[in-house]
Amino acid sequence: MKQLHFGVDYYPEHWERERWKVDAELMQKMGIQMVRMAEFSWHKLQPREDVFEFEWLDEVISLLGSYGIYTILGTPTAAPPAWMVHKNPQILPVDREGRTRGFGGRHHDCQSNPVYREYIRKLVTKMAQHYGENPWVVGWQVDNELGNSHQELCTCASCTQHFQRWLKQKYKEADILNKAWGTAFWSQEYNDFAEVCAPRITVTGENPSAMLDWKRFCSDLIVDFTREQTKILREYTKNQFITHNYMGFADKVDYYKLGELLDIVSHDQYPGGFYLEETPHEKNHVLAATLDVVRSYKNQPFWIMEQQSGITGWEVMGRAPAPGQLSAWALQAIAHGADAIVFFRWRTCAMGTEQYWHGILPHSGNPGRRYQELKDFVSAMNPVMERLQGSMPKPQVGIVFSFEQAYAFQIQPHHKDLSYTGQVQKYYRALYQQNIPVDFVPEQGDFGKYKLLVAPLQYLMSPNLEDKYMDYVRRGGHLVLTMRTGVKDVHNLCMTDQELPGRLSELAGIEVLDYDCLRDTKVEVLFEGQKMEAFIWSDLMRLAPQTKTLAAYASEFYAGEPCITEHPYGDGICYYVGTEPGERLLEALMKQICRKASVGQVCSSDTQVECVVRQKEGERFLFAINHSNQPKSFQAPDGYSLLQGSQAGKLEAYQVQIFYKAAR
Ligand code: GAL
Ligand code: ZN
């Protein structure tokens with residue numbers, strides 16, 4: 001495939017034909033090499049049941065082609081047209097209160113509905129046959145942000161049936177399901193799979209085991225929905241890639257599993273936020289973590305399919321990106337492993353919900369400040385992108401990130417401020433602050449390539465995963481385990497045969513005999529001779545003889561008892577953190593652990609200067625990103641020289657400098 005690096009999301013159907021040529025010219029001048037189109041234009045492509053109209057799209061594709069601009073086509077299944085919904089109202093989704101959601105937004109669809117699936121097969125087949133060998137079409141995006149707009153997904157009759165089938169395949173017999181779900185509680189036993197419903201809201205409470213399977217089913221349904229399309233596309237297309245635009249840590253679908261169907265994972269990055277609550281600089285670690293998790297889903301370079309290119313907003317708007325900020329954000333994505341950036345959107349829309357989600361061009365269509373900035377950015381970066389080909393960040397630290405653990409904590413968060421993803425991001429932050437690069441790893445992943453593995457909240461546990469952790473440490477790995485580990489089996493039933501964390505007690509050298517949920521308070525902790533704070537939870541533990549106390553509680557009825565521990569096991573060390581450390585404590589702790597695990601930082605820098613390395617055989621590229629609106633001094637470490645421009649030991653506001661160094 002041709003190497004493409006910069007593109008825009010383009011909606012020619014929103015504008016008069018006469019304008020298309022002007023757009024193509026402006027794109028070409030800006031250095032744009034590709035567009036993504038059509039992911040919401042079902043009605044334009046199939047205005048009536050038996051009428052398919054591809055001429056307009058043919059015309060745009062070939063017009064853009066005459067300017068050397070390639071196309072990525074979206075399958076428009078995120079926006080089923082009104083005629084279809086009118087004729088087949090059963091394709092509308094039904095929420096957990098049993099209310100049918102109406103036409104008028106997007107994703108007003110039930111993904112299991114057989115009638116809807118049939119329409120999709122027909123349209124996608126026609127599109128694939130028509131464009132499958134078009135030399136200007138380089139790839140496909142299936143649907144758009146699957147899982148988005150889906151709330152708790154659909155609980156209609158079709159979904160209920162599919163859920164029952166899924167359960168039957170998993171458990172074979174109703175009694176096996178009864179055992180797995182603990183239905184003896186409150187007389188919830190089923191005699192037959194036909195008695196199981198998709199979970200409507202109940203009078204009181206929910207069965208956590210049933211809810212976990214429901215969330216797994218919903219994720220599998222989205223994967224299956226995607227597979228139906230990728231199968232057709234693979235059958236009729238030649239030399240065209242398939243992707244889907246992810247949303248970072250969004251969790252309706254297991255993105256690792258979805259990634260198996262795709263050639264490239266792509267992602268939509270909006271650093272300015274939607275309804276921005278925090279000031280941007282406090283969120284930089286979340287932006288970085290989001291990019292790292294997206295790279296980790298397939299463990300390969302990724303694409304940005306929608307990169308912020310102006311003020312964001314629907315009803316309420318975000319701040320205007322300052323000069324340099326759009327480029328800095330795009331460069332942050334590249335630093336973390338993006339091989340291509342597609343800006344959302346080309347021109348600010350005059351109609352519909354997204355009138356205030358600003359594009360590169362303003363409503364008027366006249367190139368302005370954003371066009372100029374991104375034009376300069378594209379022309380500076382095009383040659384750099386060629387050099388970066390084949391490079392990736394190569395972290396020594398992995399953070400375990402699992403969709404199933406996220407589901408289990410959504411069902412029972414324990415504490416109003418506890419979220420699984422939030423905890424994962426807190427550990428990430430402590431490493432990010434020190435410029436220590438991180439991969440995210442699925443529980444099925446390869447732990448062995450990391451010197452340090454951080455596994456927050458390993459709540460659902462299986463014998464297989466226990467073995468993996470024990471094996472990892474035995475062979476010399478450093479592992480961080482935390483509170484609420486080994487609490488449940490994979491069916492979301494509490495483990496009862498040992499004190500927590502179950503079999504992992506042997507590895508961690510501790511047993512949790514009691515605990516305290518810190519509802520509206522915090523606890524003091526003594527670490528390295530200093531008083532610090534911790535939140536949410538306190539595990540009260542008994543230590544094995546070899547276990548060392550790294551930190552002890554300094555308040556509450558358990559003052560003086562161990563809070564964070566270290567235990568040698570085989571050739572490695574297992575750390576156990578029995579609380580949620582506050583920011584200061586977590587940073588100090590991770591610093592100490594990284595030192596013990598011989599994990600190095602990229603380099604030291606001001607807290608608002610992020611440093612990231614991409615590397616390949618022979619070369620290392622260091623990105624220094626100034627996220628602040630003030631100049632910051634910055635010196636690259638020895639051996640690095642500046643890739644472009646001249647070094648002044650300083651980064652201007654929102655400036656990014658790229659350095660390189662020959663390396664083995
Ligand atoms: C994304 C979505 C786009 C557009 C954008 C701005 O989530 O994929 O289609 O809606 O947000 O709201
Ligand atoms: Zn449904």
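## A covered strand

Strand β4, residues 137-141, is mostly covered, with five of its five residues buried. The model is predicted, and every value in this report is computed from it.

On one side, β4 pairs with strand β3 (residues 70-74) in the parallel sense, over four bridges. Within this pairing, L73 stands opposite W140 of β4. Strand β4 is also joined to strand β5 (residues 241-246) by three bridges, and β4 and β5 run parallel. Here G139 stands opposite F241, a residue of β5.

## The barrel

Which strands close into the barrel, and in what order? There are eight, in the order β1-β2-β3-β4-β5-β6-β7-β8, and their pairing is parallel. From one strand to the next, the twist averages 30 degrees.

Strand β1 covers residues 6-9 and strand β2 covers residues 34-37; the two pair in the parallel sense over three bridges. One residue to look for is D9, whose bridge partner in β2 is R36.

## The zinc site

Which residues coordinate the zinc ion (ligand 2)? They are C110, C154, C156 and C159, each through its SG atom, at 2.3 Å. Along the sequence, these donor residues follow the spacing C-x43-C-x1-C-x2-C.

Why is the arrangement tetrahedral? The four donor atoms around the zinc ion (ligand 2) subtend angles of 99 to 119 degrees. Four donors count as tetrahedral if all angles lie between 85 and 135 degrees, so the arrangement here is tetrahedral.

## Buried cysteines

C110 has a relative accessible area of 0%, so C110 is buried. C154 is buried because its relative accessibility is 4%. C159, at 1%, is buried too.

Another cysteine, C349, has a relative accessible area of 3% and is therefore buried.

## Disulfides

A disulfide is a covalent bond between the sulfur atoms of two cysteines. How many disulfides does a search of the whole structure find? The search finds zero.

Methods: Residues are numbered from 1 along each chain as its sequence is written. Chains are lettered from A and ligands numbered from 1 in the order in which they are written. This is a predicted model: local features need pLDDT of at least 70, side-chain atom pairs count only at pLDDT 80 or more; totals for chains, interfaces and linings use all residues. Side-chain values use heavy atoms; hydrogens and water are left out. Donors are N, O and S atoms within 2.8 Å of the metal (3.2 Å for Na, K and Ca); water is not among the atoms, so sites may look incomplete. Four donors count as tetrahedral if all angles lie between 85 and 135 degrees; four count as square planar and six as octahedral if opposite donors are over 155 degrees apart and all others between 65 and 115; anything else is irregular. Buried means under 20% relative accessible area, exposed over 50%, partly exposed in between (1.4 Å probe, protein chains only). Two strands pair if DSSP finds at least two bridges between them. Axes are lines fitted to C-alpha atoms, for helices over the stretch in contact, and angles run from 0 to 180 degrees between N-to-C directions. A disulfide is a pair of cysteine sulfur atoms within 2.5 Å.
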